[in-house]
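This report examines a protein model through its core, its strands and the spaces between its atoms. Please keep the sequence and the structure in view while reading.

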Amino acid sequence: MLKITAPFREKKEVIPLIEAGADELYCGYLSPEWERRYTSLEFERKGGGSNFTDLAELRQAVDIAHKKEIPVHLTLNGLYVKRQYPLLLKIVRQLKRVDLDGYIVADIGLLLTLREQGFKKQLHISTGGTVFNSEAARFYKNLGASRIILDRQVTLKSMRELSQDNPDIDFEVFILNTLCVYIDGFCTFLHAYGRDSQEDISKKEWK
């Protein structure tokens, strides 16, 4: 069954998107504590302006969607390093106060951690998980994923074959995206900052 899932970043966008035909919604949450420590690039949807920053507003937005029987998933899109995990898991615990339907993740370590902690809601693999064939799709399914979001570079022929070969996995594709030439899971280019800022971020993170 084909569904339309749409991103949003403000509470006021929920009803218009549903009225326009969205069957599902997804969003990001950028914790102020995370942004102070690591910048916006390592968390949620790319770019700080694409994310909720207030947990109460996020909860209200999700409640509005649920009253219309529309599920909401939240992106945890980073590829995290070990020392980020204490804060990351603190934020995950905070998000339990929001009745989200599941998470969109790219990091295998986070996927395993959520499974070990008994996370019961849906887990979707973002384009950062880099799935191009059935072996990769089954790998993530065995780790608990129920949906794979395919990279922009996957051809229509490959999409058809993946769907036919894996009828027990949901697949999601982008429409009218940014046409970025990079493969998300392999990209190391910081699009939101100039060269000097990139060097500053690198020094801050790895010193």
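## The nonpolar core

A nonpolar core is a set of buried Ala, Val, Leu, Ile, Met, Phe, Trp, Tyr and Cys residues joined through side-chain atoms within 4.5 Å. Buried means under 20% relative accessible area, exposed over 50%, and partly exposed in between, with a 1.4 Å probe and protein chains only. The model is predicted: local features need pLDDT of at least 70, side-chain atom pairs count only at pLDDT 80 or more, and totals for chains, interfaces and linings use all residues. Residues are numbered from 1 along each chain as its sequence is written, and side-chain values use heavy atoms, with hydrogens and water left out.

The largest nonpolar core has 49 residues, and L25, L58, L74, L76, L95 and Y103 have the most contacts inside it. Helix α4 (residues 85-95) gives this core its largest share, seven residues. Helices (H or I, at least four residues) and strands (E, at least two) are DSSP runs, numbered from the N terminus. In soluble globular proteins, nonpolar side chains tend to be buried together.

## Parallel strands and their crossovers

Two strands pair if DSSP finds at least two bridges between them. Strand β4 (residues 72-76) runs parallel to β5, and four bridges join them; L76 has V105 as its bridge partner in β5. From β4 the chain passes through α4 to β5 in a right-handed β-α-β crossover. A crossover is right-handed if, with the strands pointing away from the viewer, the path from the first strand over the helix to the second runs clockwise.

Which way do the residues of β5 point? G102 and I104 point one way, Y103 and V105 point the other way, and all are buried. Strand β5 (residues 102-105) also pairs in the parallel sense with strand β6 (residues 122-125), over four bridges. The partner of Y103 in β6 is L123. The path from β5 to β6 goes through helix α5 (residues 108-116), and this β-α-β crossover is right-handed.

Strand β6 is in turn joined by two bridges to strand β7 (residues 147-149), and these strands run parallel. H124 has R147 as its bridge partner in β7. Together with helix α6 (residues 134-142), β6 and β7 make a right-handed β-α-β unit.

## A residue of helix α5

L114 lies in helix α5. Is L114 buried or exposed? L114 is buried, because its relative accessible area is 1%. L114 and L89 are 25 residues apart in sequence, and their C-alpha atoms are 9.2 Å apart in space.

## An enclosed cavity

On a 1 Å grid over the protein atoms alone, a cavity is a set of points where a 1.4 Å probe fits but cannot get out, and a pocket is an open set with protein on both sides within 12 Å along at least five of seven lines; lining residues have an atom within 4 Å of a point. Grid points are joined across faces, edges and corners, and a volume is the space filled by probe spheres set on the points.

The largest cavity has a volume of about 30 Å³. Its lining includes I104, H124 and R147. Strand β2 (residues 24-29) supplies the largest share of the lining, three residues.
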